[in-house]
Amino acid sequence: MSQSKGANAAEVSPVHLSEGNWYPANLQDIRQIIEELTRSASQERLVAVFDFDNTCIFRDIGQAVFRYQLYALRYRITPEKFAALLPTSNEILDGKPMERIVATLVDLYSQLWSFVEQKQVEEAFKLDIYPQFTTLLLWFTEKARKHERLGPRYVLPLLAQLLAGFSTTELARLTAEVIASIEKEPLQTASVQAVLPAPIEQVTTSYEQGLQPFSEMRILIDWLTSVGVECHIVSASTDWLVKASAKKLGFTVLPENIYGIRVALEENEVLSEQEQPGYPVTFREGKVEVIERFIQARPIMVAGDADTDYEMLTLPDVPVRLIINRLQTGIISSLYTDSRFLLQGINIATGRFRPSATTIVS
């Protein structure tokens, strides 16, 4: 998979790295270090690796598609296949028995599936079981992601597996549809709740609305490409959604340089419910595995925002390490005050960079 230096930048005209709302010290360091490295002939390939959600864009495309698919009941998997994706254990999830949660989800999905099959989803939207199902599945994925045994390594592939039955071409169209819809939403958090039979009873959860690209990151990628740096994206969202949204939102990273959560493909590039054999879950150390096995070059720049990016951000011998400051409290926060990392502040209310290392919420 080796590429020559600048292979993804064929005949690219020089791009001006504009100030935008960068923290000026960050922009100065990025420009100075990258220009020095590109003048050096010591490396055959110069590579930069970016996370996507909340690093290149504000918000999460995987979560956005999951929510859109859920509320529109855009499913193609049978109740039997849906059930097979859920945990089989007697554990407790946020104080509620997992066995009953799973049984209730399967029962509600089975009832809604008949409307999906008959293309009568508008009728399904009127039923009491519709908000019960949508809220419970949203709640389940939120709580399962925090569960000690399940966690992101279960939930992230699940979001891809729920897209089974769609072709990669159809997913590109679905992603464009989702972006067109959620770009109109306010950048705020919405809460939903539903009451289900005991022992589940009331569940409450929330989701983030809206989505937009960080224009500074889009220009940065253009500039890097123009000076001969290969740009790659390694994301914890579903691979084909990231490819489609990166293109739709104006990021010039080549599709073959984008890596996300993958499932095995069936005939005509239709997604299955099975994880792709031999391919890592692109979460934490899985992102490093992608860099080592598929990109096959030590990055000169890495950018991320969350715990899922920790291992690739802390790879040794990376000259530029950029962190989008989202005021996280996990392991990523241990890097906020480390001078080896460039901390870029944002305004969470507007979803935009601000010329500071600090982040504000209004």
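How are helix 8 and helix 10 oriented to each other: roughly parallel, roughly perpendicular or oblique? Hold that thought while we set things up. This is a predicted model, so local features need pLDDT of at least 70 and side-chain atom pairs count only at pLDDT 80 or more, while totals for chains, interfaces and linings use all residues. Residues are numbered from 1 along each chain as its sequence is written, and side-chain values use heavy atoms, with hydrogens and water left out.

**Stop 1: two helices.** Select residues 168–182 for helix 8 and 239–248 for helix 10. (Helices, H or I with at least four residues, and strands, E with at least two, are DSSP runs numbered from the N terminus.) The pair packs at an angle of about 55°, with axes 9 Å apart. Axes here are lines fitted to C-alpha atoms, for helices over the stretch in contact, and angles run from 0 to 180 degrees between N-to-C directions. Under 35 degrees counts as roughly parallel, over 145 as roughly antiparallel, 65 to 115 as roughly perpendicular and the rest as oblique, so helix 8 and helix 10 are oblique to each other. Now show side chains: among the residues of helix 8 that meet helix 10 are Leu 171 and Ile 179, and on the helix 10 side they include Trp 240 and Leu 241. (Contact means heavy atoms within 4.5 Å.)

Stop 2: Next, look for 6 strands forming an open sheet in the order 9-8-1-12-13-14, with parallel pairing. (Two strands pair if DSSP finds at least two bridges between them.) At the edges, strand 9 (258–261) and strand 14 (342–344) each pair on one side only. From one strand to the next, the twist averages 15°. Then pick residues 215–226: this is helix 9, which packs on the sheet and touches strands 1, 8, 12 and 13. Zoom in on strand 13, residues 320–324, joined to strand 14 by 3 bridges. Ile 324 stands opposite Gln 344 there.

**Stop 3: Thr 205.** Go to strand 6 (residues 202–208) and click Thr 205. Is Thr 205 buried or exposed? Buried means under 20% relative accessible area, exposed over 50% and partly exposed in between (1.4 Å probe, protein chains only); at 5%, Thr 205 counts as buried. Its neighbours in contact include Trp 139 and Val 192.

**Last stop: Asp 29.** Select Asp 29 in helix 1 (residues 24–39). With a relative accessible area of 30%, Asp 29 is partly exposed.

Technical notes
Lists of a residue's contacts leave out its neighbours within four places in sequence.
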